[in-house]
Amino acid sequence: MRRTNISAENELGINIKFLTQFLIHPTKIGAIAPSNNKLCDMITDMAELPQISSVVEFGSGTGVITEKIVNKISKDTTFFAMEINETLVEATKKRCPGATVYQSSASNAKKHLEMHGEEGCDRIISSLPWSTFGEELQDDLLETVMDVLNPGGKFLTYAYVPGLVFPSARRFRNKLHEKFDKVTKSKTVWTNFPPAFIYYAEKT
Ligand SMILES: C[S@@+](CC[C@H](N)C(=O)[O-])C[C@H]1O[C@@H](n2cnc3c(N)ncnc32)[C@H](O)[C@@H]1O
């Protein structure tokens, strides 16, 4: 069932906004369309959200994953989303009026967790477009992930199948395997545009 605050007409307008932001900032947005319902459900189901006490989202975009997170966490779970693009922060807030959304880079996650009285978090659900990032930015952001994830915590992020032709995407995959003891891949969501799969990385 589609549970959302947004009507189909408004969804079209939001998707046009997202595409416009992609045309203005292609490497920061990294996709021409928001994730589809199946990918959003898969990443938030894999995160086992009802059982955890803190989750942070990186790159909320139009809030399609944020909305799933809000619907799946328990009422005591600490949750906030981080998004650098002002227009998309507004889109997330509109879709998820009760959610805390910071206009801030994911690299500031530690500071925001501290503001919530947390030293770290149990889950990070990331939509950051890793394959469009240079090596330094990949390293900085992965350092943040390792720094803020609690022991036993899980990092979930997705990658586009066609993107794997890019060396930067393969470099990111290799870095994930270097940093985490265990990294697994979901099956591909072929109906997403572009088709995507999820990396599920466990911190010991
Ligand atoms: C591929 S879009 C995904 C949006 C949405 N979560 C979805 O699944 O449709 C990636 C998002 O990451 C945001 N982003 C890029 N770099 C970021 C950073 N350093 N910190 C926070 N958000 C960032 C972009 O502005 C964009 O909204």
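This is a predicted model: local features need pLDDT of at least 70, side-chain atom pairs count only at pLDDT 80 or more; totals for chains, interfaces and linings use all residues.

Reply: Happy to. The part to look at is helix H4, residues 64–72, whose buried residues are Val64, Ile65, Thr66, Glu67, Lys68 and Ile69. The cover over the buried residues of H4 includes helices H3 (37–46) and H5 (86–95), together with strands S1 (54–58), S2 (78–83), S4 (121–126) and S5 (149–160).

Lys68 counts as buried because its relative accessible area is 12%, under the 20% cut-off. Its side chain meets that of Asp41 in a salt bridge, 3.4 Å from N to O. This pair ties helix H4 to helix H3 across 27 residues of the chain. Asp41, in turn, is partly exposed, with a relative accessible area of 24%.

Now step back to the loop between S1 and H4, where Thr62 sits. Thr62 is buried, at a relative accessible area of 1%. Setting aside neighbours within four places in sequence, Thr62 is in contact with Ile14, Phe18, Pro34, Leu88, Ala91, Thr92 and Arg95.

Arg95 leads on to another charged pair: Arg95 forms a salt bridge with Glu11, with 2.7 Å between the closest N and O atoms. Here helix H5 is joined to helix H1 (residues 8–24), the two residues being 84 apart in the chain. Both Arg95 and Glu11 are buried.

How values were computed: Residues are numbered from 1 along each chain as its sequence is written. Side-chain values use heavy atoms; hydrogens and water are left out. Buried means under 20% relative accessible area, exposed over 50%, partly exposed in between (1.4 Å probe, protein chains only). Helices (H or I, at least four residues) and strands (E, at least two) are DSSP runs, numbered from the N terminus. Contact means heavy atoms within 4.5 Å. A salt bridge is a side-chain nitrogen of Lys or Arg within 4 Å of a carboxyl oxygen of Asp or Glu.
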